[in-house]
Structures are given as C-alpha cells and as structure tokens.
Amino acid sequence: MTTAPATSTWVSGPILGIETSCDETAASVLATDGAVLSNVITSQHDVHQRFGGIVPELASRAHIESIEAVSAEAMRQAGLAWTELTGIAVTQGPGLAGALLVGVSYAKALGYALNIPVVGVNHLEGHIASAWLKDPAFPLPSVVLVVSGGHTHLYYKQPDGHCRLLGATRDDAAGEAFDKGAQLLQLGYPGGPAIDRLARQGNPEAIAFPRSHLKKGSLDFSFSGLKTSLLYRLQVMSELSQVERLADLAASYQEAIVTILVEKAFAAVRSTGVHALAVVGGVSANSRLRTLLEQRAASESIYLSLPPLAYCTDNAAMIAAAGRHSLQAGFSGTLEIDAQASLSCS
Ligand code: KG4
Ligand code: ZN
C-alpha cells in the first residue's frame with residue numbers, strides 16, 4: 001500500500017471532486033470559498049439502455065474511458081492549473097465496486113502526483129451536502145430526506161452536523177420503485193425521468209394504488225407492494241387499454257410514491273420540531289415531488305432546500321463539498337483509502 005503524503009494541515013484552496021459510484025462519470029471543482037466553478041457529468045445511459053439496467057462491468061469500462069477527459073474538462077471550465085488544487089475528494093462508496101475503484105484509483109494517483117490530500121467521501125454524505133451547495137445558509141438542525149436509486153433515508157441533521165437516522169426503506173428505494181415501475185410500463189431506463197415526463201399528461205387520481213404507511217408513527221418506507229400492485233393491474237388490462245391509459249398509470253403510480261415521501265418527510269419535521277427540510281438525491285429531481293414539497297413547505301412555513309436539478313442526480317460537486325467539510329474539520333486525507341461497495345451511513 002502507498003503511504004500518504006505529509007498533509008496534516010489542509011491549506012484552504014480549490015478542491016477537485018470525483019464521482020464514479022454508478023453510471024455517471026463526474027468531476028467538479030470548488031473554489032476556495034466553496035463556490036462551484038465547474039460541474040462536468042458524463043452519463044452512461046446510452047451504454048446501459050438496451051439492457052434495461054446498469055451492467056456493472058460495462059460501467060467500469062466506461063468510467064475508465066472518460067475519467068481523465070471529464071476531470072480535465074472540469075479543470076478547464078474552472079480556469080485552474082492542476083497545481084492550484086489543494087485537495088481531492090472522491091466517492092469511496094457505497095456503489096458498484098469496479099466503478100468506485102476507477103474513481104478511487106484515479107484520485108489517489110492524482111493526489112500522489114500533486115502531493116495533496118485525498119479524502120474518501122460517502123456517497124450519501126455527498127447527496128446530503130448538496131442541500132447546502134446553492135444555499136449555504138440552509139439552517140441546522142434540519143431533516144434531510146435522501147431519495148436515490150439505492151437509498152430512501154430520513155435523517156435528523158444535528159446542529160453539530162452529525163446525522164441520526166430516523167427512518168429508511170424496508171425494501172425498494174424510491175428510485176428503484178420508479179425504475180421497476182418504468183420497466184413494467186416498458187418506458188426504458190432510467191425509469192424515473194421517463195415516468196416523470198409521461199405523468200404530466202396523466203391523471204394522478206385515475207388509479208388507486210396502495211400507499212404503505214407501515215405502523216402508525218413509523219418513519220420507515222415500503223415500496224415493494226406498490227410495484228406488485230402495478231404488475232397485477234397490468235395483468236388484468238388488455239394491451240390496448242394499457243396503451244390508452246399509460247399516462248394515467250404513470251401519473252397514479254408516481255403519485256403513490258411521492259405522496260408517501262412528502263407525508264413522511266413532514267411527519268419527521270413535526271416529530272423532531274425542526275423548521276427546515278432538505279430533499280436530495282436523484283428522485284428529488286421529480287417535478288411532481290418538487291411541486292408537492294414546495295406547496296406543503298409554504299403552507300407550514302418550513303424552510304425547504306431542494307437542490308437545482310444538476311445537483312440532484314449523481315454529480316461530483318456534492319462530493320467535493322462533503323470532502324471540503326472533512327478537510328475543514330481537520331481530516332488530513334490519505335492515499336490508503338479503498339473503494340467500499342457497501343459503505344453505510346447512519
Ligand atoms: O442519486 P442518483 O442519481 O443515483 C443514486 O445514488 O442512486 O439517483 C438515481 C435515481 C434513479 O432511480 C432514477 O430513476 C431516479 O433517481 N430519478 C428520478 C428522476 N430523475 C432521476 N426519479 C423520479 N423522477 C425524476 N425526474
Ligand atoms: Zn446518488
């Protein structure tokens with residue numbers, strides 16, 4: 001194993017963030033004050049589209065092909081020379097092992113060559129940090145709902161910045177529910193944006209899909225019954241009626257997911273007594289979810305942080321932001337980090 005460069009005190013300055021946990025190769029540069037100077041994202045959707053989901057081996061190869069160009073482009077857009085970087089933040093996990101390894105290896109090699117600290121970032125902590133990217137004044141304590149392809153986690157973020165888990169999904173993540181629903185509706189991959197687009201032409205009240213509340217007061221989620229309900233519904237419909245009612249199916253299915261997310265997020269706000277809620281992760285890009293959250297936050301006078309769309313789905317600006325917090329907190333960085341596919345965050 002390589003030894004870490006001597007970097008016990010971080011000299012505040014620009015940081016490069018790198019993200020390769022899944023099917024996006026992303027790099028971003030943050031300025032000394034934390035402002036986003038560049039946010040470059042290359043999606044592999046075309047690579048995986050015909051398989052209806054992500055093929056891990058293809059994801060790793062695609063990351064290898066683009067990591068260098070994406071990072072160089074982030075530096076170019078930021079208008080900085082490599083030697084002006086003072087640190088590198090890279091997603092360490094959770095995610096696809098091979099995909100993570102590409103980012104981590106690249107970050108370590110770069111950190112070694114530039115003799116600057118490299119910090120491993122938990123992908124979920126990256127998503128959480130995205131709530132502050134455009135709104136550094138967003139207050140603590142607050143409730144943060146992380147809704148992505150792999151996670152549906154509700155956190156209480158304490159005044160000292162630490163997160164306490166309030167609830168999580170017991171089966172599918174919200175993004176998974178979107179993706180699997182889209183697969184059943186034959187809308188392709190990734191499913192969330194496809195359902196979001198189609199649902200705009202449908203009636204969200206047309207079909208009554210079940211909403212699983214679990215037991216009273218629970219802040220956990222469950223979406224597997226909803227997916228099964230969609231499957232049964234399709235089995236009793238003729239092909240013609242499936243096509244005719246596709247937009248209604250998408251709108252009603254989406255409504256069942258987003259109403260539960262809104263309900264539980266605000267239940268968490270009420271039970272913790274905070275006045276601020278952030279909703280982050282790929283599913284927070286959903287237009288219906290954003291509308292419902294904004295309406296509810298306005299009516300209950302809750303300070304809502306909904307990151308701009310470019311910071312909702314996977315990106316490296318959020319990774320750089322979380323890494324910057326670690327460096328500011330005195331973490332020195334090390335070249336001894338490894339990719340950790342099942343890294344947890346609670
Ligand atoms: O955060 P993210 O980019 O990657 C993970 O960390 O998983 O989230 C990806 C998930 C996918 O399940 C995708 O279908 C979903 O976010 N997603 C959406 C929308 N955009 C992305 N779900 C609903 N509506 C959207 N507009
Ligand atoms: Zn993510």
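I began with helix H4 (residues 123–133), where His123 and His127 both sit, four residues apart, about one turn of the helix. The model I am reading is predicted.

**Zinc site.** I looked up what holds the zinc ion (ligand 2). His123 (NE2), His127 (NE2) and Asp314 (OD) coordinate the zinc ion at 2.0 to 2.1 Å. I noted the spacing of these donors along the chain as H-x3-H-x186-D.

**Largest pocket.** I read a volume of about 1100 Å³ for the largest pocket. It is lined by 39 residues, and those closest to its centre are Ser148, Gly149, Gly175, Asp179 and Pro190. H4, helix H5 (174–184) and helix H6 (191–199) each give two or more residues to this lining. H5 gives the most, with six residues. I sorted the lining by class and got eleven nonpolar, 19 polar and nine charged residues. Domain 1 (4–129 + 313–332) and domain 2 (139–306) both contribute to the lining, so the largest pocket lies between them.

**Second largest pocket.** I found a volume of about 780 Å³ here. Its lining has 27 residues, with Ala129, Lys157, Ala321, Ala322 and His325 closest to the centre. Domain 1 and domain 2 each supply at least three residues to this lining.

**A hairpin.** Last, I looked at strand E2 (residues 24–30) and strand E3 (residues 36–43), which pair in the antiparallel sense over seven bridges. Glu24 has Ser43 in E3 as its bridge partner. Five residues lie between the strands, and Gly34 in this hairpin takes a positive phi near 90 degrees.

Technical notes. Residues are numbered from 1 along each chain as its sequence is written. Chains are lettered from A and ligands numbered from 1 in the order in which they are written. This is a predicted model: local features need pLDDT of at least 70, side-chain atom pairs count only at pLDDT 80 or more; totals for chains, interfaces and linings use all residues. Side-chain values use heavy atoms; hydrogens and water are left out. Donors are N, O and S atoms within 2.8 Å of the metal (3.2 Å for Na, K and Ca); water is not among the atoms, so sites may look incomplete. Two strands pair if DSSP finds at least two bridges between them. On a 1 Å grid over the protein atoms alone, a cavity is a set of points where a 1.4 Å probe fits but cannot get out, and a pocket is an open set with protein on both sides within 12 Å along at least five of seven lines; lining residues have an atom within 4 Å of a point. Grid points are joined across faces, edges and corners, and a volume is the space filled by probe spheres set on the points. Ala, Val, Leu, Ile, Met, Phe, Trp, Tyr, Cys and Pro count as nonpolar, Asp, Glu, Lys and Arg as charged, and the others, Gly among them, as polar. Domain bounds come from an automatic or database domain assignment.
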